[in-house]
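Welcome to this short tour. Please open the structure in your viewer and keep the selection panel at hand.

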Amino acid sequence: MSSHSHSNRRRFLKGGGALASFLMGAVRSVRGQAPAPEAPKDNLAYGQPSQFDNTIRRTTGRATAITDTALMTPLQDLDGIITPSGLHFLMDHVKDVPEIDPQQHRLLIHGMVDRPLIYTMDELKRFPSVSRIYFLECNANSRPLRGPNADSVQLVHGRTSCSEWTGVLLSVLLKECGVQKGASWIVAEGSDANKYTMSIPLGKAMDDILVAYAQNGEPVRPQQGYPVRLVVPGWEAIRSVKWLSRIKVVDQPYMAWHESGNNADTRPDGKGLWFRFELGPKSVITRPSGGQKLPGHGSYEITGLAWTGGGAVRKVEVSIDGGRTYKEAQLQQPVHRYAHTRFRFPWKWSGEEAVLQSRCTDERGEVQPTIAEAAKNLGVSPDYFYQADHFNGVQPWKVNRDGSVQNALFL
Amino acid sequence: MRCSSSLFLTVVIVLSACAAALAQGRTYQLGSTPSEEEIKARDIAISPDGKELPPGSGTAKEGATLFAQKCAACHGPNGDGGLTRGIVPLGNAKPVKIAFSLVPYATTVWDFINRAMPQSKPGSLSANEVYAATAYVLYRNEIIKETDVLDAKSLPKVRMPNRDNFIPAQPGWKPGEKRPFGYYP
């Protein structure tokens with residue numbers, strides 16, 4: 001804990017003792033002391049995927065006015081529920097990923113508290129920690145796309161990823177400072193160049209928000225907020241402030257730039273909706289999915305992911321006839337709350353046209369709607385969702401006779 | 001005898017530890033107390049009522065000069081866009097462009113310019129410069145006059161065009177309850 005001049009990975013190698021010495025052929029020095037094991041060369045220091053594997057993040061190639069980076073997770077190539085850290089989606093409102101020395105980094109908590117406190121990273125890690133599997137999802141994920149980008153589950157739905165996050169509950173840190181009466185919100189700030197800012201209700205902050213310093217067992221990657229970030233389970237990921245350096249306890253939302261204008265849900269009547277926060281139940285079939293080709297008729301496993309801001313996924317149903325009939329899919333156990341849930345469904349393809357889609361129901365009974373049901377529910381036309389955030393509609397994929405798969409949302 | 005005295009001692013130690021904890025209210029005794037200057041230097045967030053706004057002032061006229069020096073390189077000489085988009089429409093564009101123009105308070109504009117602009121050196125503008133830049137952006141959006149002076153008192157009073165054009169998305173909703181816009185067939 002004392003030194004962070006090396007990454008945790010290097011510390012592990014140093015502390016690996018006999019095993020590391022054996023593996024790396026370290027020799028004893030003349031003075032009889034074991035020297036620090038050398039870092040092995042190239043890929044041996046940190047393992048890399050096979051040269052034959054091309055599982056990578058991709059982008060639509062279309063810049064947006066408010067996002068400098070938009071990289072989507074290759075959902076179609078992944079299995080299980082954990083997204084490898086290097087494949088986590090990236091939607092940033094900052095110019096560059098900051099390079100932060102954890103030795104210099106401080107987290108300040110102040111505002112409507114009895115005792116403002118400032119923490120080093122070492123001090124943060126001395127608090128009781130928890131590890132929890134949570135998904136993150138951009139509020140702009142799953143916007144119905146048209147054109148070539150629409151035929152890829154990665155580009156349409158890849159702004160969501162799921163990790164095991166380790167950190168300290170924000171409630172522990174806030175209680176340590178003594179939250180005062182009358183406080184109702186927090187303002188969280190990053191230490192990127194723009195000092196990205198978000199307001200979050202105090203109730204959520206005192207419930208399950210994590211101040212996370214590790215992701216999938218290793219330090220949070222710089223692109224994901226190294227050395228420490230917020231993880232706000234179940235809520236639009238714009239709230240999960242990266243490179244967290246300051247929390248101010250306040251009595252109102254501060255209407256920061258990225259929460260007031262850029263991330264308001266706009267309605268057809270010209271009005272805007274603020275603070276949608278919680279993401280609805282969603283599921284998507286990742287295999288077979290748009291752009292893929294089935295080699296021939298016979299046995300396949302339909303598989304995909306489901307998740308909800310409402311807690312746990314209760315059930316996922318799969319239809320092979322465009323939604324006329326549904327059958328329940330098998331959920332990979334255990335099902336974690338606020339986490340991606342893997343579903344699987346055996347299927348024999350006859351070689352005829354089929355439309356595959358899935359539907360998620362969460363623990364509170366909210367059901368993933370079709371785009372028509374969602375439009376009826378909100379009193380809008382389906383076109384509305386083309387530019388709307390927080391869209392959680394059913395995604396149909398059409399399997400053609402030649403085995404090709406395409407997005408059937410607008411067919 | 002020995003037992004009871006050590007029990008007594010333990011009780012005393014536990015009680016005094018509790019008293020210390022109550023007095024301090026801290027369980028883990030980690031972290032340090034920041035100085036007031038330290039907090040002040042980092043406490044840059046501006047609330048809609050503007051109570052945190054620093055002294056200083058600026059007009060759109062001063063802002064135009066500043067814009068040419070420090071903003072035009074990215075936003076274009078006339079604010080029509082260059083390396084990045086031009087001056088952001090804040091609600092008076094016709095037809096109303098709702099995306100990006102739903103900024104409800106002038107403090108939001110001040111806060112963002114202060115923390116994030118210019119992109120080559122965010123946070124480098126003086127308070128006067130941020131007031132002037134904000135005034136220029138609001139003037140170009142036909143929200144204030146060219147000669148209006150913005151300062152800690154006048155800025156929060158500026159009424160943004162879309163101030164009332166939003167719906168509190170989930171009135172009365174509390175985390176953990178059913179989403180009001182959810183689909184429950």
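Start by selecting the buried residues of H5(B): they pack against strand E1 (57-58), helix H3 (60-75), helix H4 (106-116) and strand E2 (150-151) of chain B. Here, residues are in contact if their C-beta atoms, placed from the backbone, lie within 7 Å. A residue is buried if 20 or more other C-beta atoms lie within 10 Å of its own, exposed if 12 or fewer, and partly exposed in between. Helices (H or I, at least four residues) and strands (E, at least two) are DSSP runs, numbered from the N terminus.

Before going on, note that this is a predicted model, in which local features need pLDDT of at least 70 and side-chain atom pairs count only at pLDDT 80 or more, while totals for chains, interfaces and linings use all residues. Residues are numbered from 1 along each chain as its sequence is written, and chains are lettered from A and ligands numbered from 1 in the order in which they are written.

Now select residues 127-140 of chain B, the whole of helix H5. Its 14 residues reach 20 Å from first C-alpha to last, close to the 20 Å expected (1.5 Å times one less than the number of residues). Twelve of the 14 residues of H5(B) are buried, so the helix is largely enclosed by the rest of the structure; among them are B:Tyr131, B:Tyr136 and B:Arg140. Just after H5(B), click on B:Glu142, which takes a positive phi of about 60 degrees.

How do H4(B) and H5(B) lie to each other? Their axes are 9 Å apart, at an angle of about 125 degrees, and the two helices are therefore oblique (angles under 35 degrees count as roughly parallel, over 145 as roughly antiparallel, 65 to 115 as roughly perpendicular and the rest as oblique). To see the contact, show B:Ala106, B:Val109, B:Trp110, B:Ile113 and B:Asn114 of H4(B) with B:Val130, B:Ala133, B:Thr134, B:Val137 and B:Leu138 of H5(B).

Zoom out to chain B, where five helices and three strands follow the pattern α-α-β-α-α-α-β-β. Of its 185 residues, 32% count as buried.

Last stop: bring in chain A. Its contact with chain B takes 56 residues from chain A and 47 from chain B. Select helix H8 (residues 371-378) of chain A, which gives the most to that side of chain A, with four residues.

How values were computed:
Two residues are in contact if their C-beta atoms, placed from the backbone, lie within 7 Å. Axes are lines fitted to C-alpha atoms, for helices over the stretch in contact, and angles run from 0 to 180 degrees between N-to-C directions.
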